[in-house]
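Please keep the sequence and the structure in view while reading.

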Amino acid sequence: MGRYPNFYDASPTICLNVYVHSYFWINWLVWFQEFHLSQIYHEGLAKLQAKDYKKARELLESVLKDPMVSSAQ
């Protein structure tokens, strides 16, 4: 075995573990991004209720400009 592992010769179990691990982290990252956007959105609504229109606009516009939201269909 050389310096880098050869994943082409790896057992199916190792490949499956790498796939499941990657899938878990990608899903966690997406969840975290959605959670963060939700927090900013709710903070924007709270500022709107408190009549802090400038800060509310900044927060709500930042949610709309987020790539996750702007690319949604």
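Q: Is Trp25 buried, partly exposed or exposed?
A: This is a predicted model, in which local features need pLDDT of at least 70 and side-chain atom pairs count only at pLDDT 80 or more, while totals for chains, interfaces and linings use all residues. Residues are numbered from 1 along each chain as its sequence is written, and side-chain values use heavy atoms, with hydrogens and water left out. Buried means under 20% relative accessible area, exposed over 50%, and partly exposed in between (1.4 Å probe, protein chains only). Trp25 has a relative accessibility of 43%, so Trp25 counts as partly exposed.

Q: Where do Trp25 and Trp28 lie, and how many residues apart are they?
A: Helices are DSSP runs (H or I, at least four residues), numbered from the N terminus. Both Trp25 and Trp28 belong to helix α1, residues 12-49. About one turn of the helix lies between them, a spacing of three residues.

Q: How many aromatic pairs are found, and what is the geometry of Trp25 and Trp28?
A: Rings of Phe, Tyr and Trp (its six-membered ring) pair if their centres lie within 6.5 Å; planes under 30 degrees apart count as stacked, over 60 as edge-to-face and the rest as tilted. A search of the whole structure gives four aromatic pairs. For Trp25 and Trp28 the ring centres are 5.8 Å apart and the planes stand at 75°, so this pair is edge-to-face.

Q: Which relative accessibility does Trp28 have?
A: Trp28 falls in the partly exposed class. The value for Trp28 is 39%.

Q: What kind of aromatic pair do Trp31 and Phe35 form?
A: Trp31 and Phe35 are four residues apart in helix α1, and therefore separated by about one helical turn. Trp31 is partly exposed at 47%, and Phe35 is partly exposed at 39%. Their rings lie 5.4 Å centre to centre with 15° between the planes, and the pair is stacked.

Q: Which residues form one aromatic cluster?
A: One of the members, Phe32, is found in helix α1 and is partly exposed, with a relative accessible area of 39%. The cluster consists of Phe24, Trp25, Trp28 and Phe32.

Q: What is the area of the nonpolar surface patch?
A: Patches are made of residues with over 30% relative accessible area and no salt bridge; like charges are joined within 9 Å, and nonpolar side chains (Val, Leu, Ile, Met, Phe, Trp, Tyr) within 5 Å. Accessible areas come from the Shrake-Rupley method with a 1.4 Å probe, and for residues only the protein chains shown count as cover. Phe24, Trp25, Trp28, Leu29, Trp31, Phe32 and Phe35 make up this patch. Its area is about 750 Å².

Q: How many salt bridges are found, and what is the N to O distance between Glu58 and Lys55?
A: A salt bridge is a side-chain nitrogen of Lys or Arg within 4 Å of a carboxyl oxygen of Asp or Glu. The whole structure holds two salt bridges by this search. Glu58 and Lys55 both sit in helix α2 (residues 53-65), three residues apart. Their side chains meet in a salt bridge with an N to O distance of 4.0 Å.

Q: Which residues of α2 are buried, and what arc do they cover?
A: In α2, the buried residues are Ala56, Leu59 and Val63. They lie on the same side of α2 because the arc they cover around the axis, taken from the directions from the helix axis to the C-beta atoms, is only 70°.

Q: What is the phi value of Lys51?
A: Lys51 is placed in the loop between α1 and α2. At 60% relative accessibility, Lys51 counts as exposed. Its phi is positive, in a residue other than glycine, and is near 65°.

Terms used: Helix = DSSP H or I, 4+ residues; strand = E, 2+ residues; numbered from the N terminus.
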